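Please keep the sequence and the model in view while reading.

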Amino acid sequence: NPRVATASANANIALIKYWGKADEELIIPRASSLSLTLDGLTSRTTVEFFDKVDGEEDADVAGGSGSGVDCREIYDYIKSADSLTIDDVPQQGKALDRVSRFLDIVRAQSGLHLPARVVSHNTVPFGAGLASSASAFAALAAAASKAAGMDLSPRDLSRLARRGSGSACRSVFGGLVQWHAGHDDETSYAEPVDMGSLDLAVIVVLVSSDLKPVSSREAMRRTVATSPLYPAWVESCAVDLDEALNAIRQGDLERLGAITEANAFGMHAAMMASRPAVLYWLPDTVAVLRAVDGIRDSGLGAWSTMDAGPNVKVLADARDARAVAAALRERVPQCEVEIHRPGSGVRLH
Ligand code: DP6
């Protein structure tokens, strides 16, 4: 069946963060960002477009223009037959709605106006600030576009994935990836960055896998709209990105780590200055941040970064990863610690 496709994608962790949209509908960010795609945090998604709704022959509906029926009604009818299963649990409400709206973009671009079944399996703790939407929408974009008969270039696939979740555009590629903010749908896309001599690892320190109190989408909106620190943070991102790219070219992990850590702290400072404040940190988040500081003082290279959640990710040289992980286990024994290496981009199965 040509209307089925399966794709996998890995999560990515931003070294220079994306936080805040210039365009909410198209998901155009206020600033460019830089990330590392990680192995072992994967979404695998199958999309099947089908032309029978409730056992009826519905092929007519798919092509049904000129019948005098409002297209919007037909499209809403098609959409109402979409289904979504995540890790064997059928989804309704918000999650299904977000996927359905994404499928509408694929339907509009491909001209294939059919409902779809989406089945996804994840090794990403859902909603725990481990960038689950990035792997999810990168895999969904690849599977849905392929199932709909489109053959997108990697760049166009990243533009499509971006419409589902901004950070997903970076998960289309493996290793280090830059998302060019751009100014419209055409110019906002991700692109791989040469890793040069860097041999990176990210140690994920799980502080909590509880659902976050505020979604990143809402928190982002609030920061842009109310934080007096936000404009300064956006300005700092351009400088940080330039310096990070330079550090990468020179294979200077020490500088890359320092910029990464500073950029994440700046983003959280801007969040915390929102009204009302957005505070994702838990007491153990601070304990881990202090542990990373201590590990660095002891002579090991380790730099922290945090996303929209309480967990800490620690950037290190791959050759130091085991030692850094062991030191973290000793200093914050209450937290789970996992080493991740750079991962590949999206793959079709
Ligand atoms: C803190 O990509 O999840 O992880 O575009 O609204 O879906 P939406 O947001 P999302 O935000 C990720 C924010 C971040 C930083 C980053 O990954 O760059």
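## Strand β7 and its partners

How many bridges join β7 to strand β8, and do they run parallel or antiparallel? Three bridges join β7 to β8 (residues 89-91), and these strands run antiparallel; two strands count as paired if DSSP finds at least two bridges between them. Helices (H or I, at least four residues) and strands (E, at least two) are DSSP runs, numbered from the N terminus. The model is a predicted one, in which local features need pLDDT of at least 70 and side-chain atom pairs count only at pLDDT 80 or more, while totals for chains, interfaces and linings use all residues. Residue numbers start from 1 along each chain as its sequence is written.

Strand β7 itself (residues 83-86) has a covered face made of L84 and I86, and an uncovered one made of S83 and T85.

## The chain as a whole

The chain holds 10 helices and 16 strands. Its radius of gyration, taken over C-alpha atoms, is 21 Å, close to the 20 Å that the globule rule gives for 349 residues, so the chain is as compact as a globular protein of that length; the globule rule is 2.2 Å times the number of residues to the power 0.38. Along its principal axes, the C-alpha trace spans about 70 × 40 × 35 Å.

Buried residues make up 48% of the 349 residues, where a residue is buried if 20 or more other C-beta atoms, placed from the backbone, lie within 10 Å of its own, exposed if 12 or fewer do, and partly exposed in between. Of the contacts with a separation of 6 or more, 73% are between residues 24 or more positions apart, a contact being two C-beta atoms, placed from the backbone, within 7 Å.

Helix α5 (residues 154-164) is mostly covered, with eight of its 11 residues buried; among them are L157, L160, R162 and R163. What covers the buried residues of α5 includes α3 (93-110), α4 (132-147) and β11 (189-192).

Strand β12 (residues 200-206) is likewise mostly covered, since six of its seven residues are buried. β12 pairs in the antiparallel sense with β14 (residues 312-317) over six bridges, V202 standing opposite L315, and in the antiparallel sense with β15 (residues 336-340) over five bridges, where I203 has I339 as its bridge partner.

## The annotated domain

According to UniProt, in an unreviewed entry, the feature "domain: Mvd1 C-terminal" lies at residues 202-335; such positions are given in the numbering used here, feature names are shortened, and annotations may be inferred rather than shown by experiment. Over residues 202-335 the chain is 57% helix and 10% strand, and the end C-alpha atoms are 15 Å apart.

## The ligand shell

The ligand is surrounded by 16 residues, of which the closest are A14, Y18, S165, G166 and S167; a residue is near a molecule if its C-beta atom, placed from the backbone, lies within 6 Å of it. Helix α6 (residues 216-226) gives the largest share of this shell, three residues.

By class, the shell has seven nonpolar, six polar and three charged residues. Here Ala, Val, Leu, Ile, Met, Phe, Trp, Tyr, Cys and Pro count as nonpolar, Asp, Glu, Lys and Arg as charged, and the others, Gly among them, as polar.
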